[in-house]
Amino acid sequence: MTSTDPVPLVIVEGFLSSAGALIWGNFEHHSNYACQTNGERDRRSIFASVGPVSSLHDRACELFFSLVGGIVDYGAKHSHENGHARYGRTYTEGLYPEWSSECPLHFLGHSMGGPTVIKLQWLITNGFFGKQYHPDMILSINTVSAPFRGTQLVYTLGEDTRDAPSVRWFSVGNFLAKGIHVASYLSPVLPHLFDLHVEARGLSFYDSSFASFLKQLWRSDWAESRDATPFDTTFIAVDEREATQEGVVYANTFYRSYCATLNHTYPHSATTRTLTWLQRMLGWPLHATSLAILSFRFSTLRPVPAFLESTFSTKLESTHDGDARLEDGLIDVDDGGAYLLNALRANDGVVPLFSQWHPYDCKNTRCVHFSHAESILDGVTDSEKSRYDESPEAGIWHVHHLENAHHFSIVPVWLGTQSQKAFWMDLGHWLRSIEDGRRRLKDRSSTATPAPTVTLADFGS
Ligand SMILES: [Zn+2]
Ligand SMILES: [Zn+2]
């Protein structure tokens, strides 16, 4: 790759997703518009395969080694604590072996793909993969409908509100876990389309006895552990991650989140866009789950998640109307009125809006939230192009709200909608403007500058 070639974009899929380019479709035709109109080469897209039901830690390790090559190493301590083998599959050739601070990568994560990249940057920063790696290897993190701060839907589907990671019997999550174990057991003869990355867990019929398989069907050591996707989307897990500073912004990485809400969950919508009949058909199951998120009773959660205490105090400061109240020393936000409806309940059918913004409360990170008048789904018109005249700022979350959109409106399934075309065209402009700024900076300071150190960017202020 030459210094003027566009930086590749790595795409990381979410829970239960691993189909890759097969369903993501012809997005490059639109995402490459910015490069093509400036006489540059097309940007390379890289689909990284990670375990569709694996924990954030395991997914981040799989992502890292699929890019640099080698044997997937989950770490001696982690694998010992979570009861699986330390090593996974071998990548004889990495997808991007030259990956470094000088040859960085852009990342786009859909749903759990977003927190996966956040985990990856945190592991890199903490030297998990070795001291030679640096968080600047990640030039930008772009997310769509990412559950950075968890989702109440995981409890509706079966996670115990007071005893996570236990899963309730006869819940959707309980049956889903059984299905995953059947797929894992049969994985050697199943098509590679649904690649579970279960080598380190020894769950296939090559590695596991039939009796052991039945035992896992009865009670899953994996699904009901802290080392699986469901637990990672609980509010307890989020508090644990944020306590270790996982999700702080780094000075030289660019951050952008795209946050979707369905109109009936977001009361102040002013959108004029309408959904096609095909979008409505695909979206109807999400209508049901969005209602479950809307009606979730936060007061059932123990321990009380940190964001509830924070939201509660913000509400008291902002309204003084006493809608939220303390009961037995614990916070009851279920009667919290319109403010809490917006903050915690507006959702895309899977993830509440506040969780899609970024890790941490707004007051504990750096962020700018764009108004609805600046919707990127309206397309990049000439007047809006001025948005990209100036180099974007690194080390701060750029939060964009996608109204009248559900969890799968933009990605992963390509339907060729106007919204999808506008999204990819805008993303192409954004990535190119990041590189443009980076090149200008390099030209200005061709004298060597020291590598920037990690800045916690007002964390805790
Ligand atoms: Zn693990
Ligand atoms: Zn914010």
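Visitor: In strand 11, which residue is the bridge partner of cysteine 367?

Guide: Welcome! This is a predicted model, in which local features need pLDDT of at least 70, side-chain atom pairs count only at pLDDT 80 or more, and totals for chains, interfaces and linings use all residues. Residues are numbered from 1 along each chain as its sequence is written, while chains are lettered from A and ligands numbered from 1 in the order in which they are written. Strands here are DSSP runs of E with at least two residues, and helices are runs of H or I with at least four, numbered from the N terminus. In strand 11, cysteine 367 has as its bridge partner tryptophan 397.

Visitor: Over how many bridges do strand 10 and strand 11 pair?

Guide: Two strands pair if DSSP finds at least two bridges between them. Strand 10 and strand 11 (residues 397-403) run parallel, and their bridges number three.

Visitor: What is the strand order of the open sheet?

Guide: The sheet has seven strands with parallel pairing. Its edge strands, each pairing on one side only, are strand 2 (45-48) and strand 10 (367-369).

Visitor: Is proline 135 buried or exposed?

Guide: Proline 135 sits in the loop between helix 6 (113-125) and strand 6. A residue is buried if 20 or more other C-beta atoms, placed from the backbone, lie within 10 Å of its own, exposed if 12 or fewer, and partly exposed in between. Because proline 135 has 22 C-beta neighbours inside 10 Å, it counts as buried.
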